[in-house]
Amino acid sequence: MNEKLNLMQKLNEAAKSIGAVHKDGKNSFQNYEFQSEGAIKAAVEHAIQGVGIRIIPN
């Protein structure tokens, strides 16, 4: 990855690399499947680390 990209360019590259997030949850009452919060967080974390961004909560 080019280290000269600014933050917006890095976020754009990360967004392009996320792709489809697997539906790993199921609502049995209304009978539908969904992407869990954990699956979405994992996909985003993997993508942003790939472009050199790290989120550190405090």
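Modeller: Happy to! Let me start with the burial scale: a residue is buried under 20% relative accessible area, exposed over 50%, and partly exposed in between, with a 1.4 Å probe and protein chains only. The model is predicted, so local features need pLDDT of at least 70 and side-chain atom pairs count only at pLDDT 80 or more, while totals for chains, interfaces and linings use all residues. Residues are numbered from 1 along each chain as its sequence is written, and side-chain values use heavy atoms, leaving out hydrogens and water.

First, the setting. The protein has 2 helices and 2 strands, in the order α-β-β-α along the sequence. Its radius of gyration is 15 Å, well over the 10 Å that the globule rule gives for 58 residues, so the protein is more spread out than a compact globule. (The radius is taken over C-alpha atoms, and the rule is 2.2 Å times the number of residues to the power 0.38.) The C-alpha trace spans about 50 × 25 × 15 Å along its principal axes, and buried residues make up 17% of the 58.

Now to your salt bridges, of which the structure holds 3. The term means a side-chain nitrogen of Lys or Arg within 4 Å of a carboxyl oxygen of Asp or Glu.

One of them joins E13 and K16, at 3.0 Å from N to O. These two are 3 residues apart in helix α1, which means a separation of about one helical turn. E13 is partly exposed because its relative accessibility is 29%, whereas K16, at 57%, is exposed.

Helix α2 (residues 37-50) has a pair of its own: E37 and K41 lie 4 residues apart there, about one turn of the helix. Their side chains meet at 2.8 Å, N to O. Both ends are exposed, E37 with 55% relative accessibility and K41 with 51%.

Another bridge links E45 to R54, with the closest N and O atoms 2.6 Å apart. E45 is partly exposed at 25%, while R54 counts as exposed at 55%.

What about the nonpolar side chains? In soluble globular proteins, such side chains tend to be buried together. Here the largest nonpolar core has 5 residues, A14, A47, I48, V51 and I53; a core is a set of buried Ala, Val, Leu, Ile, Met, Phe, Trp, Tyr and Cys residues joined through side-chain atoms within 4.5 Å. Leaving aside residues up to four places away in sequence, I53 touches L7, K10, L11 and I48, where contact means heavy atoms within 4.5 Å.

L11 also takes part in a surface feature: with L7 and M8, L11 makes a nonpolar patch of about 320 Å². L11 belongs to helix α1 (residues 7-18) and is partly exposed, at 37% relative accessibility. Patches are made of residues with over 30% relative accessible area and no salt bridge, joining like charges within 9 Å and nonpolar side chains (Val, Leu, Ile, Met, Phe, Trp, Tyr) within 5 Å.

Definitions and conventions. Areas by Shrake-Rupley, 256 points an atom, 1.4 Å probe, with all protein chains shown as cover.
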